[in-house]
Structure formats: C-alpha cells, structure tokens
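Reader: I would like to go through this model by question and answer. Please keep to what can be computed from the atoms.

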Amino acid sequence: YMKITNVEVVGLEYAKWASRLPILNHGSGQEYLRKVVDYDVDKTNTRMLHLGQCDPGTGHDVSFGGITVYHTVKADIKWWVQAQRYGHYNFVSSTSTMKFLPSYTNESPMKQDCNEWVDEDIANKMQLLINIYRVNPTKENFYHMLYSCPYGYEYSAAMVTNYRQLKIMYNQRKNHRLDTWHTFCDWILTLPHFKEWCLKGENK
C-alpha cells in the first residue's frame, strides 16, 4: 500500500503575489502589489482559479510552479518507475535497496515490506537469496539478490515537486489501472487550494 507523510507546502502566498505581475502597470511597484494581494483577496483568488484551470500546455499556470510540495512516499517499485517519468517530480533522498536488502533476516523478512500482490513463493525465494548473500557476500550473490527483487517491494523516498507538476500527474493518472495512482491522486486533492484552483469541474 502507498503511504504519504511529512507533507509541507511552501509558497502559496508568494504564488498568489506573483500571479498578479502580468496584469499590473510597471509603475505600480512591488509594495503596491503586496497590498493588492493583502487587501483584494477575492480578485487574487479569482485569478488563481482562472490561471490554474487553464488547459495543460498553454503555460498560463506557470505561477503554480512556485508552490512547492515536500513529502515522503512509501510505494512499490512499479509505481516508482512510472513516477520517475515526470521531470519536476524530484528526489531529495531515498531508501537504498542495495544497502537495505541485505539487512532482512528470517526473523525480520523482506516480505514485510512487500505489497500484498507479491507471491509468497517469490518472497520466500527472495529471502533465501538474501540469506545466501549474507553468508557469502560475493558479487555474483549480490547481483542475484538485487536483480531478483520483485516490483511489489516498497521503499521510501523524500520528494519535492510543485502544483504545476501535480496538476499534470493528476490529470494523467487519476483513472490509471494501478490503485497506487488512485491513492496518490486522492492525496493531491487534499493539498491546500489544489482542487479549488487547478481542476475544472471538480472544485465543488
């Protein structure tokens, strides 16, 4: 199962401020712009709504790239392979499978960090390969262990992205066949103002 924790959203107010830049006269000045955001909340929210719901690829939602989202994800390898296709979905740090796999024992087996779809025989075979490597840590045994790791093995990574990237991911993956993408898209909807600003027809 997927688990998302340690969520931190940064830059909401700054993005609202920046979204007003294209429609102000150059003589207005930044101090005036700050006041517009502070005291004209309705107009600013309306503009964020207008920009956020633009069609993908038009570029009008560029200010949403300024809303940064830090979070930690634990997910299976298959999901990670697909998630890494997105250019602005970036790793801060992650679990090292090369270092972590050999730490599993019969008392604390690797199966505990696999999803429910990993066949029990495969999980047991994987633990056997780990045990063999622990006893005889040769290059050959290491490769057998590492490259036999099933797609259902789950590991954690600290990630950073932004609302603009998440908007693309949501629209492309909300009807995906994998349940993990449904979990991820449901999480996106919990982020402050995301559903309100970024999704056409889904903000009610």
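Predicted model: local features only at pLDDT ≥ 70, side-chain atom pairs only at ≥ 80, totals over all residues.

Reader: How many helices and strands does the protein chain have?

Author: From the N terminus on, the elements run β-α-α-α-β-α-β-α-α-α-β-α-α-α. The secondary structure comes to 10 helices and four strands.

Reader: Which residues have the most contacts inside the largest nonpolar core?

Author: In soluble globular proteins, nonpolar side chains tend to be buried together. Buried residues make up 41% of the 204 residues in this chain. The largest nonpolar core has 49 residues, and those with the most contacts inside it are Trp79, Tyr89 and Phe184.

Reader: Is Thr105 buried or exposed?

Author: Thr105 is found in the loop between α5 and α6. Leaving aside neighbours within four places in sequence, Thr105 is in contact with Gln127 and Arg134. Its relative accessible area is 19%, and buried means under 20%, so Thr105 is buried.

Reader: Which residue has its backbone nitrogen 3.0 Å from a polar atom of the Thr105 side chain?

Author: The cut-off for a polar contact is 3.5 Å between N or O atoms. At 3.0 Å from the side chain of Thr105, the backbone nitrogen is that of Ser108.

Reader: Is Trp117 buried or exposed?

Author: Trp117 lies in the loop between α5 (97–100) and α6 (120–135). Its C-alpha atom is separated by 10.0 Å from that of Tyr1, 116 residues apart along the chain. Exposed means over 50% relative accessible area; Trp117 has 70% relative accessibility, so Trp117 counts as exposed.

Terms used. Residues numbered from 1 in each chain as written. Heavy atoms only, no water. Helix = DSSP H or I, 4+ residues; strand = E, 2+ residues; numbered from the N terminus. Buried < 20%, exposed > 50% of the residue type's maximum accessible area, 1.4 Å probe, protein only. Polar contact = N/O pair within 3.5 Å; in protein donor to acceptor, adjacent residues only side chain to side chain. Contact = heavy atoms within 4.5 Å. Core = buried A, V, L, I, M, F, W, Y, C linked by side-chain atoms within 4.5 Å.
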